[in-house]
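Subject: Structure handover

Hello,

Please find the structure below. My notes on what was found in it follow.

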Protein chains: 2
Amino acid sequence: MDHLPVLGLDADDTLWENEAHFRQTEDRFLDLVAPWADHETAAAALLAAEKANLSVTGYGIKGFVLSMVETAISLSDGACDADRIGTILDWGRWMLQAPVDPLPGVAETLEVLAADHRLLVITKGDLGEQLRKVAASGLAGHFWQVEVVAHKTAEAYRDVLDGHGITPADFVMVGNSVPSDVLPVLALGGRAVHVPHHTTWALETVHADDVDGHDFPVLDSLAELPALLTDWRG
Amino acid sequence: MDHLPVLGLDADDTLWENEAHFRQTEDRFLDLVAPWADHETAAAALLAAEKANLSVTGYGIKGFVLSMVETAISLSDGACDADRIGTILDWGRWMLQAPVDPLPGVAETLEVLAADHRLLVITKGDLGEQLRKVAASGLAGHFWQVEVVAHKTAEAYRDVLDGHGITPADFVMVGNSVPSDVLPVLALGGRAVHVPHHTTWALETVHADDVDGHDFPVLDSLAELPALLTDWRG
């Protein structure tokens, strides 16, 4: 299968639901700290903590839990009791072990794509968390390789492609995030396809200016991808 | 340099101090929960929490912080105040950004080794935490590749070696942990060198039975490695 073209796939919110679990937990968090802050204030404080902690904790559930605990303590001015903090830890433990359900149509589409591509999952985040999700998704059998990177920069993509002897011009990346899955791959001279998801983290949204001058296909769902790739191969 | 032999190196407690930071923080934690438990009881409770959480949180500082918070809440039966929990979070933030000082003689030895080896760091743990330490150590220039794996099993080593086209028989691994750095590599048919460190985590110690029948060199320090490798090359 060495001759098959390599197709890069993002994982979270491209292959399975992820961001929604964070937002559900955030909703519960906003209720938990309601004695000390209204929802809007609390949501802003949590996002600010996540943003400030990102360079220290990296992406992932454990960093999110630490940001929630920190925010509960600061919003309550130290009045938050241990029971509430224990509840936040319980949510984290649940998220770390939650079932991973492929999005509708994804399993069938991967089966089609895997017949004439080597599927290379490129996902950013916590190594253990991401590998667990790959295993729990039931999709692992379709993947040629899985690469977990700390950040999805053009350099990170170049390192992954170099490591597998892939020329960017022969590479297509597919994902739900314009800044993480599309723009860095276009910058390397590769091709990219955007499949938006219904829920996008505030720190993954894109400014119109950044997209200006870039042209890439936007699909309603992954199920439309095989036809597009067939078109591209002409 | 493609013809140079590949030398595998563990990182934490082989190239730089790591476990000692955890043990220092643990000592402070034992003082913090002293109102509710003596040191021995608290240390046992923390280790039990770490062990129970390992499969959920993986290795690393963030999981350790979550285990400390959980243990403080359970030992105090919910009486632990938010200030104390905030203090635990502060320790975590410090550990995540702490300076990374190479062990004595390591920088000089790596310079010697890198002259006639491709140095492949294989470290387990949190991807972001491990990559930060590599960068902060000032040693990155010596390394050919850095691989962060979730667990150091024989399968994980085989995947890394396959990925780089390395035959186990041509591979030597060096590290401070017998179960993580020595035994799985011997199981693959590679060679391994043990360089013990003064501090070893309880979950990384080895039973005499596991070592029985295995023969591998044990060095007092990494500085003795170049002479040993020269000997092996005959």
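In chain A, the C-alpha centres of domain 1 and domain 2 lie 29 Å apart. Domain 1 of chain A covers 6–16 + 101–233, and domain 2 covers 19–97; such bounds come from an automatic or database domain assignment. Between the two, 12 residues of domain 1 of chain A are in contact with 11 residues of domain 2 of chain A. Two residues count as in contact if their C-beta atoms, placed from the backbone, lie within 7 Å. The side of domain 1 of chain A that touches domain 2 of chain A has four nonpolar, four polar and four charged residues. In these classes, Ala, Val, Leu, Ile, Met, Phe, Trp, Tyr, Cys and Pro are nonpolar, Asp, Glu, Lys and Arg are charged, and the others, Gly among them, are polar.

A note on the source: this is a predicted model, in which local features need pLDDT of at least 70, side-chain atom pairs count only at pLDDT 80 or more, and totals for chains, interfaces and linings use all residues. Residues are numbered from 1 along each chain as its sequence is written, while chains are lettered from A and ligands numbered from 1 in the order in which they are written.

Chain A as a whole

The secondary structure of chain A comes to 10 helices and five strands. Helices (H or I, at least four residues) and strands (E, at least two) are DSSP runs, numbered from the N terminus. The C-alpha trace of chain A spans about 65 × 40 × 30 Å along its principal axes.

Helix packing in chain A

Helix H1 (residues 19–32) and helix H2 (residues 39–57) of chain A pack at an angle of about 125°, with their axes 9 Å apart. Axes are lines fitted to C-alpha atoms, for helices over the stretch in contact, and angles run from 0 to 180 degrees between N-to-C directions. H1(A) and H2(A) are therefore oblique to each other; under 35 degrees counts as roughly parallel, over 145 as roughly antiparallel, 65 to 115 as roughly perpendicular and the rest as oblique. On the H1(A) side the contact is made by A:Glu26, A:Phe29 and A:Leu30, and on the H2(A) side by A:His39, A:Ala42, A:Ala43 and A:Leu46. By class, these are five nonpolar, one polar and one charged.

H1(A) also meets helix H4 (residues 82–97) of chain A, where the axes come within 11 Å and cross at roughly 170°. That makes H1(A) roughly antiparallel to H4(A). H1(A) contributes A:His21, A:Thr25, A:Arg28 and A:Leu32, and H4(A) contributes A:Arg84, A:Thr87, A:Trp91 and A:Met95. This contact has three nonpolar, three polar and two charged residues.

Chain B

In chain B, helix H1 (residues 19–32) and H4(B) pack at an angle of about 170°, with their axes 11 Å apart, and are therefore roughly antiparallel to each other.

Across the chains, 29 residues of chain B are in contact with 29 residues of chain A. H4(B) gives the most to the chain B side, with nine residues. That side has 15 nonpolar, nine polar and five charged residues.

Regards
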